[in-house]
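Please look through the sequence and the structure shown here before turning to the notes.

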Amino acid sequence: VVFVDGMHASPLVLDQNNKTAEPIITEQQNKDTSELAETDPLVKVVPSPDNFRYLCGGLKDGKTTLWTMLMDGSKRVELYKTGDKLSEISWLADGQKIVFERTGLQLGFKNQTNGIVVLNANLGTFENLVPSQINVHSPTTSPDGIKIAFVGAEGLWYPSIDSGVWVAVLR
């Protein structure tokens, strides 16, 4: 059984026979790989829709790191590291992509911007859902988990089924 106690960067494995809980990633492994240590704060743990892996997020030295690992705690893979604030983190229904809101300074901009990022959980690649110069926030997925809606300066937006062009719902 794998669980998170809400305070540590690594989920714990519960040994039901001995009634003990041990970190999946040991402190020595963290030192060797420069990953988050067991004592670093964990900010998010989200199981994938297919229950194949966890998405975990942690904070260390002002950086947010997102990584995945299998349900048994093996195969930990770092996907995304940033100094920006991340929120509204969720999986898409296919269990292959992750969507989240990013707030921070972007290259070429004087002020902080909000953007929505789609992260491929298999490849570790990412793309901005809309160009950086468009300030958007509050991504949410449709009930079937296929479409992403968000709030922009002009109201609520979602992709058109036929063309993929963004359509304003509310203004």
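A residue is called buried when its relative accessible area is under 20%, exposed when it is over 50%, and partly exposed in between, with a 1.4 Å probe and protein chains only. This is a predicted model, in which local features need pLDDT of at least 70 and side-chain atom pairs count only at pLDDT 80 or more, while totals for chains, interfaces and linings use all residues. Residues are numbered from 1 along each chain as its sequence is written, and side-chain values use heavy atoms, leaving out hydrogens and water.

**Overall picture**

- Of its 171 residues, 41% are buried.

**Nonpolar cores**

- A nonpolar core is a set of buried Ala, Val, Leu, Ile, Met, Phe, Trp, Tyr and Cys residues joined through side-chain atoms within 4.5 Å.
- The largest such core has 13 residues, and those with the most contacts inside it include Leu55, Tyr80, Ile89 and Phe100.
- Strands β7 (77–82), β8 (85–91), β9 (97–104) and β10 (113–120) each supply at least two residues of this core, and β8 gives the most, with three residues.
- Apart from this core lies another, of eight residues, among them Leu92, Val99, Val136 and Ile148.
- In soluble globular proteins, nonpolar side chains tend to be buried together.

**Positive phi values**

- Most residues other than glycine have a negative phi.
- Glutamate 88, in strand β8, has a positive phi near 55 degrees; this residue is partly exposed, with a relative accessible area of 45%.
- Serine 138, in strand β12 (residues 136–141), also has a positive phi, of about 55 degrees, and is partly exposed with a relative accessible area of 30%.

**Arginine 53**

- Arginine 53 belongs to strand β5 (residues 53–60).
- Although buried, arginine 53 has no salt bridge, and the nearest side chain of opposite charge, aspartate 50, is 5.7 Å away.
- A salt bridge requires a side-chain nitrogen of Lys or Arg within 4 Å of a carboxyl oxygen of Asp or Glu; Lys and Arg count as positive and Asp and Glu as negative, whereas His and the chain ends are not counted.
- A polar atom of the arginine 53 side chain lies 3.0 Å from the backbone oxygen of glycine 95.
- Leaving aside neighbours within four places in sequence, arginine 53 is in contact (heavy atoms within 4.5 Å) with residues including Val46, Met69, Trp91, Gly95 and Asn122.

Terms used. Helices (H or I, at least four residues) and strands (E, at least two) are DSSP runs, numbered from the N terminus. A polar contact is a pair of N or O atoms within 3.5 Å; within protein, one must be able to donate a hydrogen and the other to accept it, and residues adjacent in sequence count only if both atoms are side-chain atoms.
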